[in-house]
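The following briefing covers a single protein model, grouped by topic for computational use. The structure is shown first, and the computed contacts and packing follow.

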Amino acid sequence: MKLLANMMYSVVLGIGTAVLLTGCTSTAAEIQGKPSETVIMEPEEKTLVVYFSCTGTTKALAQYAADILNGDLYEIVPEEPYTKADLAYYTGGRADREQDDGAARPRISGEVEQMADYGTIVLAYPIWHGQAPRIISTFLESYDFAGKTILPFCTSHSSGIGASAENLHGLCPDTVTWLEGKRFEAGASRDEMEAWLENKLGGSSHER
């Protein structure tokens, strides 16, 4: 019986050793470059809707856009808020002076966190004297947009987006994909915004 027990112990020991050696061999092979079945997924790039709005007109449309695109919303807040007197046209007020000075860069309060996470930027602004407010230039010069897609839209009673968008485009790196923008009138509907975004970005199916 003692001999039989010793024989059984030797067999069990041999099997365990073989299993252990097989495991070591597998580990070594993996270290030497054996293909791994683990797939590391890159995080999806998100959409950010950025807007500047003093009267609420542009804000309403930016909120539509963020909701339609399932994107994040960021308001450009001036460090020095604009007063009603600042915005009065042709009075020599603050907005008039800034728009007359192409180098004006009003300061922004706060910043976008994790800008690198966003692949698409929808940029919304009103038209002041035929151009985007200079604070939009401040925003575009505050971040690295290389490799991103920027889609602008403006709100205006009559002025188109053309010249304003072209000038803003010039502030961006050549690697930015700058899409053709659009002018919306005050009070434009959510359906109008959705139809436009569907055409430009895939609308509600553009989940980022």
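**Tyr64 and its surroundings**

Not counting residues up to four places away in sequence, Tyr64 touches Ala188, Ser189, Arg190 and Met193, where contact means heavy atoms within 4.5 Å. The model is predicted: local features need pLDDT of at least 70, side-chain atom pairs count only at pLDDT 80 or more, and totals for chains, interfaces and linings use all residues. Residues are numbered from 1 along each chain as its sequence is written, and side-chain values use heavy atoms, with hydrogens and water left out.

- Tyr64 is placed in helix H2; helices (H or I, at least four residues) and strands (E, at least two) are DSSP runs numbered from the N terminus.
- With a relative accessible area of 29%, Tyr64 is partly exposed; buried means under 20%, exposed over 50%, and partly exposed in between, with a 1.4 Å probe and protein chains only.
- Tyr64 and Asp191 lie 127 residues apart in sequence, while their C-alpha atoms are 9.0 Å apart in space.

**Overall composition**

- The protein chain contains seven helices and eight strands.
- Of the 208 residues in the protein chain, 38% are buried.
- Among contacts in the protein chain between residues at least 6 apart in sequence, 77% join residues at least 24 apart.
- The accessible surface of the protein chain is about 12,500 Å², with 52% belonging to carbon and sulfur atoms; these areas come from the Shrake-Rupley method with a 1.4 Å probe, and for residues only the protein chains shown count as cover.

**Nonpolar cores**

- The largest nonpolar core has 31 residues, of which Tyr125 and Phe139 touch the most other members; such a core is a set of buried Ala, Val, Leu, Ile, Met, Phe, Trp, Tyr and Cys residues joined through side-chain atoms within 4.5 Å.
- Two or more residues of this core come from each of strand E1 (46-51), strand E5 (118-126), helix H5 (134-140), strand E6 (149-155) and helix H6 (162-169).
- Apart from this core lies another, of 18 residues, including Ile68, Leu69, Ala124 and Phe184.
- Phe139 touches Val50, Tyr74, Ile76, Ile108, Val112, Met115, Leu123 and Phe145, not counting residues up to four places away in sequence.

**Ser164**

- Ser164 is located in helix H6 and is buried, at a relative accessible area of 1%.
- The side chains of Ser164 and Tyr125 are joined by a polar contact of 2.8 Å; this term denotes a pair of N or O atoms within 3.5 Å, where within protein one must be able to donate a hydrogen and the other to accept it, and residues adjacent in sequence count only if both atoms are side-chain atoms.
- Not counting residues up to four places away in sequence, Ser164 touches Tyr125, Ile127, Gly130, Gln131 and Ala132.

**Aromatic rings and charges**

- Eleven aromatic pairs are found in a search of the whole structure; rings of Phe, Tyr and Trp (its six-membered ring) pair if their centres lie within 6.5 Å, with planes under 30 degrees apart counted as stacked, over 60 as edge-to-face and the rest as tilted.
- The pair of Phe52 and Trp128 is edge-to-face, because the ring centres are 5.7 Å apart and the planes stand at 70°.
- Phe52 lies in the loop between E1 and helix H2 (57-69) and Trp128 in the loop between E5 and H5, so the pair ties together parts that are 76 residues apart in sequence.
- Phe52 counts as buried at 1% relative accessibility, and Trp128 counts as buried at 8%.
- One aromatic cluster is formed by Tyr74, Phe139, Tyr143 and Phe145.
- The charged end of Arg94 sits over the ring of Tyr82, 3.7 Å from its centre; this requires NZ of Lys or CZ of Arg within 6 Å of the ring centre and within 35 degrees of the ring normal.
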